[in-house]
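Good morning, colleagues. Please turn to the model on the screen, as I would like to go through a few of its local features.

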Amino acid sequence: MKERVQADFGLAGLAVMGQNLVLNIESRGFSVAVFNRTAERTREFHDNRCAGRNIIPAYSLKEFVRSVRRPRSIMLMVKAGRPVDELMGQMLPYLNRGDLLIDGGNSLFKDTERREAELKKKGFLFIGTGVSGGEFGALHGPAIMPGGEKKAYARVKGVFLKAAAVSDEGACCTLVGRGGAGHFVKMVHNGIEYAIMQEIAEIFDIMHVGMGMPVPAIQEVFDRWNGAKLNGYLVEITATTLRKMDEETGRPLVEMILDTAEQKGTGRWTSQSALDLGIPVPTITASVDARIISGHRKTRLVTARRLGIRTGRIRSSVALIAKLENALYAAELISYAQGMHLIARASAEYRYGVDMGEVARIWKGGCIIRSVILNVLRKAYPWGEHLFQSPSFARTLKAHARDLRQVVALAEGLHIPVLCLSSALSYMDSFARKRLPAGLTQAQRDYFGAHTYERIDRKGYYHTNWD
């Protein structure tokens with residue numbers, strides 16, 4: 001009887017991310033068994049991209065599980081939600097106690113914690129793992145954010161560290177914490193990503209609409225910025241996308257794309273989770289709102305006719321471009337600060353045990369929000385729950401905040417919406433105030449609901465008959 005060939009690692013779910021991750025892992029010296037719900041995709045992948053590689057195709061779940069060497073490590077790269085539960089449920093009858101399942105999709109952290117608890121009762125190990133870097137990162141090295149028990153991570157640590165991107169501080173992978181920590185950190189990563197993308201779009205809008213700069217000139221600006229203090233993946237791909245011309249019209253392709261931005265939900269989850277934890281992330285929320293507003297295109301077209309608000313125009317200058325650069329830098333700093341504040345509070349609330357400095361470290365390579373700005377975060381940690389408490393971070397932000405303020409004022413004067421830039425500025429100003437007008441809010445609450453209030457001159461709770 002022919003001996004069964006078994007792989008070091010298994011991966012189910014062969015969309016582009018899954019395929020590229022398989023090729024990445026195999027290139028690091030590991031054999032990989034693969035499976036997809038539709039056998040045709042498995043066959044196509046194996047016949048076209050796996051030539052000469054140590055990759056074993058399987059066309060049934062039973063065959064797939066048996067193709068992985070025990071104790072098994074199997075990664076699921078499928079759509080978040082019900083598909084993950086369904087695939088796990090179908091796979092469990094073929095697994096053995098002690099086998100490890102890894103959810104590498106963008107799952108909600110609460111689902112991850114539920115699945116870990118359920119599998120633990122049945123004798124299985126589980127890791128919820130955030131993977132960031134897109135198709136390119138999956139193939140050449142993503143940032144990997146696993147969360148779970150140490151013994152589970154130890155099983156797959158060798159594979160992850162070799163498959164991950166490498167920055168000047170090492171492999172961009174670490175066990176970020178217990179339970180759903182991996183998917184929580186990835187969720188917030190995506191929230192920060194939403195914010196920075198919208199901030200870049202608003203800066204583009206100021207240049208293109210408010211200053212009348214043609215797209216090729218703006219592309220050159222982003223190219224320069226990417227070579228300096230704004231160096232980062234999102235600025236880099238902005239320059240690349242602005243360079244692309246539409247073959248049919250000869251115009252920049254970005255001008256031909258319908259102005260409605262879609263989303264898959266992780267940005268919204270970030271805002272919802274922040275509300276649950278009592279952490280303000282207004283810039284991240286504003287970026288979600290901006291995408292939602294863009295989707296109401298018919299209403300926007302009608303409103304534009306009804307209100308007749310005209311966009312102003314200002315002359316471009318070297319000094320103004322420099323202010324835009326500093327404004328974007330400050331807004332990005334604030335976006336990172338909001339996300340890191342949320343992670344820190346979640347770590348304390350859910351007892352994840354997240355090392356905030358390590359999160360900043362593994363984001364330095366492979367992931368979508370990788371940027372030299374992360375060096376500012378690395379220098380700031382460890383320092384309290386909020387980055388604003390760090391002297392070095394505060395100094396860096398202060399050096400750029402004035403230009404953010406001037407750019408927001410400029411945009412408002414030109415009638416150019418800057419939801420993220422303005423929310424970032426107000427967020428900073430709110431934290432910088434020794435006294436906020438919330439005392440009036442408490443007085444109002446006490447008036448209509450007898451909710452009581454505290455005083456600044458003595459302890460205790462008080463109620464006043466305001467009439």
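This is a predicted model: local features need pLDDT of at least 70, side-chain atom pairs count only at pLDDT 80 or more; totals for chains, interfaces and linings use all residues.

The sulfur of Cys-172 has its closest cysteine sulfur in Cys-367, at 7.4 Å, which is too far for a bond. Is Cys-172 buried or exposed? Cys-172 is buried, with a relative accessible area of 0%, and Cys-367 is likewise buried at 0%. For these terms, buried means under 20% relative accessible area, exposed means over 50%, and partly exposed lies in between, with a 1.4 Å probe and protein chains only.

Residues are numbered from 1 along each chain as its sequence is written, and side-chain values use heavy atoms, with hydrogens and water left out.

Let me turn to the backbone. Most residues other than glycine have a negative phi, and most peptide bonds are trans. Which residues does a cis peptide bond with omega of about -10° join? They are Arg-70 and Pro-71. Pro-71 sits in the loop between helix 3 (61–66) and strand 4 (73–76). Helices (H or I, at least four residues) and strands (E, at least two) are DSSP runs, numbered from the N terminus. Another cis peptide bond runs from Tyr-381 to Pro-382, with omega near -5°. Pro-382 belongs to the loop between helix 16 (374–380) and helix 17 (391–413).

Next come the positive phi values. Arg-351, which is not a glycine, has a positive phi near 55°. Arg-351 lies in the loop between helix 14 (318–350) and helix 15 (356–362), and is exposed, with a relative accessible area of 66%. Thr-452, also not a glycine, has a positive phi of about 70°. The loop between helix 19 (438–449) and strand 10 (453–454) holds Thr-452, which is partly exposed at 24%.

Finally, I come to Ser-73, in strand 4. Ser-73 is buried, with 5% relative accessibility. Which residues does Ser-73 touch, not counting those up to four places away in sequence? With contact meaning heavy atoms within 4.5 Å, they are Phe-9, Gly-10, Val-68, Leu-100 and Arg-155.

Technical notes: A disulfide is a pair of cysteine sulfur atoms within 2.5 Å.
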